Amino acid sequence: MLVRRSLPLVAFATLALAACSESETYETAEAVTTVDVAEEAAMEAPAPQADEAMAEDGGDAESISTPAIPAAAPKIAYVYSYGFRVDRDEIAPLQERHADMCVKLGPLTCQVRSLQQNGAEDDYGYGRLELSVAADRAREFGRELAAATDSAGGDQISSSIEGEDLSKQIVDTEAQLRSREVLRDRLMEVLRTRKGSVQELVEAERGVAQVNEEIDQARSWLQEMRGRVAYSRITVTYQSEGAGPGGFFEPIRKAIGSIGPVAGNVIGGLILLLTVFLPIGLVGYGISLLVKRVRRRKTTETAD
């Protein structure tokens with residue numbers, strides 16, 4: 001009798017242990033997708049160790065030395081801006097010289113993003129140069145640009161440095177990327193083993209496509225932010241010291257130069273007026289002739 005009563009108890013205990021094991025497995029799997037980045041960093045950090053000398057003295061709690069947890073270096077994207085003032089005729093040569101200095105450093109260190117020049121004969125000269133320079137060379141290269149400007153007889157009139165901390169965005173994107181990759185691997189496992197109904201398999205395929213799109217987007221964001229951190233952006237502006245050539249005859253030259261556009265506008269206005277009023281005038285003239293003819297006929301009939 002005791003043996004018969006113990007058999008149901010053993011079976012019930014076995015089922016309970018199996019259920020607990022499945023629950024723990026599920027909870028562990030879910031924890032993988034929601035692991036916090038800070039916990040992962042703490043797990044990678046070295047565990048605190050007691051000082052050996054104080055341990056020999058009895059392990060005094062106040063004498064335990066805990067090594068500092070290494071903090072990740074901040075990931076900051078820098079933007080440098082420099083403004084130079086030179087003679088109007090020296091803007092283009094100086095701009096080309098600065099671009100050549102960048103090219104000589106090589107594409108892995110410096111790239112020319114854009115180069116613009118603007119300045120008519122009677123306007124201020126202006127130029128703009130945008131560069132991408134390796135972060136560890138950006139400050140030094142800025143000083144080289146200023147030195148080249150000094151040698152060309154120009155002056156530095158402005159400079160600024162702006163930094164944007166991308167550490168949190170990069171860490172969050174990396175965590176999102178890892179969680180999406182774990183989810184993709186699970187869905188791929190479902191498709192590989194073919195466990196589930198047809199509808200579940202179709203949903204798994206759609207889920208894989210959506211997760212792959214999210215992974216590609218996260219990788220693109222991550223690459224763009226890392227590029228901004230690795231390469232600092234340098235914007236260089238150039239402007240002339242004064243206006244272009246002028247003097248006593250400058251207003252006269254401008255007035256003579258504006259004769260053509262003014263005459264063209266007048267002629268164009270006359271053509272427009274003729275286009276609008278000529279048909280109206282012809283119609284009115286025809287109506288007036290018709291009215292005169294009718295009146296003349298009535299006068300003739302009355303006289304008869």
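This is a predicted model: local features need pLDDT of at least 70, side-chain atom pairs count only at pLDDT 80 or more; totals for chains, interfaces and linings use all residues.
Across the protein, pLDDT averages 74, and 69% of the residues score at least 70.

Now to the cores. The largest nonpolar core has 20 residues. Which of them touch the most other members? They are Phe-84, Leu-131, Phe-141, Leu-145, Ile-234, Val-236 and Tyr-238. Several elements build this core: the strands β1 (76-86), β3 (126-134) and β5 (231-240) and the helices α4 (91-105) and α5 (138-151) each supply at least two residues. Helix α5 gives the largest share, with 5 residues. As background, nonpolar side chains tend to be buried together in soluble globular proteins.

Take Val-236 as one example from the core. Setting aside neighbours within four places in sequence, Val-236 is in contact with Tyr-82 and Phe-84, with His-98, with Gly-127, Arg-128 and Leu-129, and with Leu-145.

There is also a second, separate core, this one of 14 residues. Among them are Ala-77, Ile-170, Leu-201 and Met-225.

Last, a pair of helices. Helix α6 covers residues 167-193, and helix α7 covers residues 198-230. How do α6 and α7 pack, and at what angle? The angle is about 155°, and the axes are 9 Å apart. Angles over 145 degrees count as roughly antiparallel, so α6 is roughly antiparallel to α7. The crossing of α6 and α7 is left-handed.

How values were computed: Residues are numbered from 1 along each chain as its sequence is written. Side-chain values use heavy atoms; hydrogens and water are left out. pLDDT is the predictor's confidence in each residue, from 0 to 100. A nonpolar core is a set of buried Ala, Val, Leu, Ile, Met, Phe, Trp, Tyr and Cys residues joined through side-chain atoms within 4.5 Å. Buried means under 20% relative accessible area, exposed over 50%, partly exposed in between (1.4 Å probe, protein chains only). Helices (H or I, at least four residues) and strands (E, at least two) are DSSP runs, numbered from the N terminus. Contact means heavy atoms within 4.5 Å. Axes are lines fitted to C-alpha atoms, for helices over the stretch in contact, and angles run from 0 to 180 degrees between N-to-C directions. Angles under 35 degrees count as roughly parallel, over 145 as roughly antiparallel, 65 to 115 as roughly perpendicular and the rest as oblique. A crossing is left-handed if the near helix is turned anticlockwise from the far one by less than a right angle, and right-handed if clockwise.
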